[in-house]
Amino acid sequence: MKIGKVIGTVWATRKAQCLQGQRFLVVDTGREDLVAADQVGAGVGDRVLLTVGTVASRYCMDTPIDAAVVAILDAEEVGRGGEQHLCT
C-alpha cells in the first residue's frame, strides 16, 4: 500500500466497458504520480491510501487497473529518529 495526495482528475469519455462508472484520480506518492481508480469519493487535496498492483485489480472486480484509492486519511503518525509527527 502507498500513501499519496490527490493532485488531479483524469477524464475519459471513451473507455473499456469494464471501466464504465470508474472515476480516476492523479495521486502524487512522493516518488511518482499514479492514476488510481477512486473507490471512496476522494478529491483534490485529500491524503489517501492506495492499493497497487494485482490487489488493486482484484479489489475492483478484476478490472485492468494498477492502483485504487481505498481510504481518505484523517491523520497519519510518522516516527523518524525517535520523533513522532502527527500529519493532518
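User: What does the accessible surface of the protein chain come to, and what share of it belongs to carbon and sulfur atoms?

Analyst: This is a predicted model, in which local features need pLDDT of at least 70, side-chain atom pairs count only at pLDDT 80 or more, and totals for chains, interfaces and linings use all residues. Residues are numbered from 1 along each chain as its sequence is written, and side-chain values use heavy atoms, with hydrogens and water left out. Accessible areas come from the Shrake-Rupley method with a 1.4 Å probe, and for residues only the protein chains shown count as cover. For the protein chain the accessible surface comes to about 5900 Å², and the share belonging to carbon and sulfur atoms is 49%.

User: In which order do the elements of the protein chain run from the N terminus on?

Analyst: Helices (H or I, at least four residues) and strands (E, at least two) are DSSP runs, numbered from the N terminus. The protein chain has one helix and seven strands. Read from the N terminus on, these elements run β-β-β-β-α-β-β-β.

User: In what order do five strands close into a barrel?

Analyst: Strands count as paired if DSSP finds at least two bridges between them. Strand 3 and strand 5 run parallel and are joined by two bridges, whereas strand 4 and strand 5 run antiparallel and are joined by five bridges. The pairing in the barrel is mixed, and its five strands close in the order 1-2-3-5-4.

User: Which residue in strand 5 is the bridge partner of D38?

Analyst: D38 is found in strand 3, which covers residues 33-38. Leaving out residues up to four places away in sequence, D38 touches Q22, R23, L25 and V69 (contact means heavy atoms within 4.5 Å). L50 has its bridge partner in strand 5 at V69, and the bridge partner of D38 in strand 5 is likewise V69.

User: Is D38 buried or exposed, and what is its relative accessible area?

Analyst: Buried means under 20% relative accessible area, exposed over 50%, and partly exposed in between, with a 1.4 Å probe and protein chains only. A polar atom of the D38 side chain lies 3.1 Å from the backbone nitrogen of G41. D38 counts as buried because its relative accessible area is 10%.

User: How does D33 count in accessibility, and at what relative value?

Analyst: D33 also has its place in strand 3. Apart from neighbours within four places in sequence, D33 is in contact with I7, V26, V27 and D28. D33 counts as partly exposed because its relative accessibility is 48%.

User: Which residues make up the largest nonpolar core?

Analyst: A nonpolar core is a set of buried Ala, Val, Leu, Ile, Met, Phe, Trp, Tyr and Cys residues joined through side-chain atoms within 4.5 Å. In soluble globular proteins, nonpolar side chains tend to be buried together. The largest core here has ten residues, namely V6, L25, V27, L34, A36, A42, V48, L50, A67 and V69.

User: Which residues does A67 touch, not counting residues up to four places away in sequence?

Analyst: A67 is one of the residues of the largest nonpolar core. Among residues beyond four places away in sequence, A67 touches V35, A36, A37, T51, V52 and A56.

Conventions: A polar contact is a pair of N or O atoms within 3.5 Å; within protein, one must be able to donate a hydrogen and the other to accept it, and residues adjacent in sequence count only if both atoms are side-chain atoms.
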